[in-house]
Amino acid sequence: MPPDSEPESAPQRILLVTGVLGAGKTTALRTLEDMGWEAIDNFPIRLLDRLLETEPGSAQLDAGSPLAIGFDTRTRGFDPARTIERVKRLTARPDLSVTTLFLDCGGSELERRYNETRRRHPMSEDKPAATGIAAERELLEPLRRWADVVMSTTDFTTNDLQQAIREQFGRLTPQRTTLTISSFGFSRGTPPLADLVFDMRFLANPHWDDALRPLSGKDAPVGEYIRRDPAFSEAFTRIRDLLLLLLPRFEAQGKAYVNIAFGCTGGRHRSVFMAEQIASALRDAGFSPTLLHRNLASRAADMVEGTQT
């Protein structure tokens, strides 16, 4: 590369989301937004050139953030032919990467959805929903034929559509699940937001060793004591392997947060040690868990520990 030249920046990624009303455009845009896209719904398509203007002195879009723009037949000034011509011009620009997604759905399913939500189709006026659906489909047919991606949502649930959007467009914006591992004491209540709770009260309790009582599960002597329990090694291995199986599947399903909690009686010894060990194992496997110890600072009390029986 010549010394005076500047590296070429990646083209701005643009996804135009349209389709028949009731096919799931709002769900698609919300899913894209959760995946890191900037999302704009009901955008007047005639202003698209102005939005993407990159002339000197104008506000430029951040090429690092893909942009999803939703529009449909309700959008002011909607004209499929003019929309296609406008997008063709934008596609020719080297600084833009433009894709059009068309969401379709069978007529009978659309009728069912309108009846279920008790909403009137905007193009049906005082006629049955089927009339408005047919008129809209005829109007949109040129855009449907021209779209890069056509996705039928006839047999989709909301979750199915979300998953399809993630599979189709998630490659551009890979997202990792936010993973939290925590310890707690059952005597002080179970964490309300935990997705998975593991009870460590089957392990030998360091509280009843006078030398270990003032320590915590983060201290080596406590860890050595717990490791000597014949059940620890197999329990740790099975829990670790279970999480290594589940976490990638949670991530593939688009679960944004996963909270895993380990509990013991007081929340100071066994649960703390297991949470530390599992967090370390998951880091070795490529995850980045946040580690929290809810009751680590709580006072050790014989009466509390005695409740485990």
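Colleague: What share of the 309 residues of the protein chain counts as buried, and what makes a residue buried?

Modeller: Of the 309 residues, 41% count as buried. Buried means under 20% relative accessible area, exposed means over 50%, and partly exposed lies in between, with a 1.4 Å probe and protein chains only. This is a predicted model, in which local features need pLDDT of at least 70, side-chain atom pairs count only at pLDDT 80 or more, and totals for chains, interfaces and linings use all residues. Residues are numbered from 1 along each chain as its sequence is written, and side-chain values use heavy atoms, with hydrogens and water left out.

Colleague: Why is Asn42 called partly exposed?

Modeller: The relative accessible area of Asn42 is 41%, so Asn42 is partly exposed. Asn42 sits in the loop between strand S2 (38-40) and helix H2 (48-51). Phi of Asn42 is near 50°, a positive value in a residue other than glycine.

Colleague: How many helices and strands does the protein chain have, and what makes a run of residues a helix or a strand?

Modeller: The protein chain has 10 helices and 9 strands. Both are DSSP runs numbered from the N terminus: helices are H or I with at least four residues, strands are E with at least two.

Colleague: Why are H4 and H5 called oblique to each other?

Modeller: Helix H4 (residues 107-117) and helix H5 (residues 129-146) pack at about 130°, with their axes 10 Å apart. Axes are lines fitted to C-alpha atoms, for helices over the stretch in contact, and angles run from 0 to 180 degrees between N-to-C directions. Under 35 degrees counts as roughly parallel, over 145 as roughly antiparallel, 65 to 115 as roughly perpendicular and the rest as oblique. H4 and H5 are therefore oblique to each other.

Colleague: Which residues of H4 and H5 meet, and how do they divide by class?

Modeller: Gly107, Leu110, Glu111 and Tyr114 in H4 meet Ala130, Ile133 and Arg137 in H5, where contact means heavy atoms within 4.5 Å. They divide into 4 nonpolar, 1 polar and 2 charged. Ala, Val, Leu, Ile, Met, Phe, Trp, Tyr, Cys and Pro count as nonpolar, Asp, Glu, Lys and Arg as charged, and the others, Gly among them, as polar.

Colleague: What makes H7 roughly perpendicular to H9?

Modeller: The axes of helix H7 (residues 220-227) and helix H9 (residues 270-284) cross at roughly 90° and come within 10 Å. That makes H7 roughly perpendicular to H9. Gly223, Ile226 and Arg227 in H7 meet Arg270, Phe273 and Gln277 in H9.
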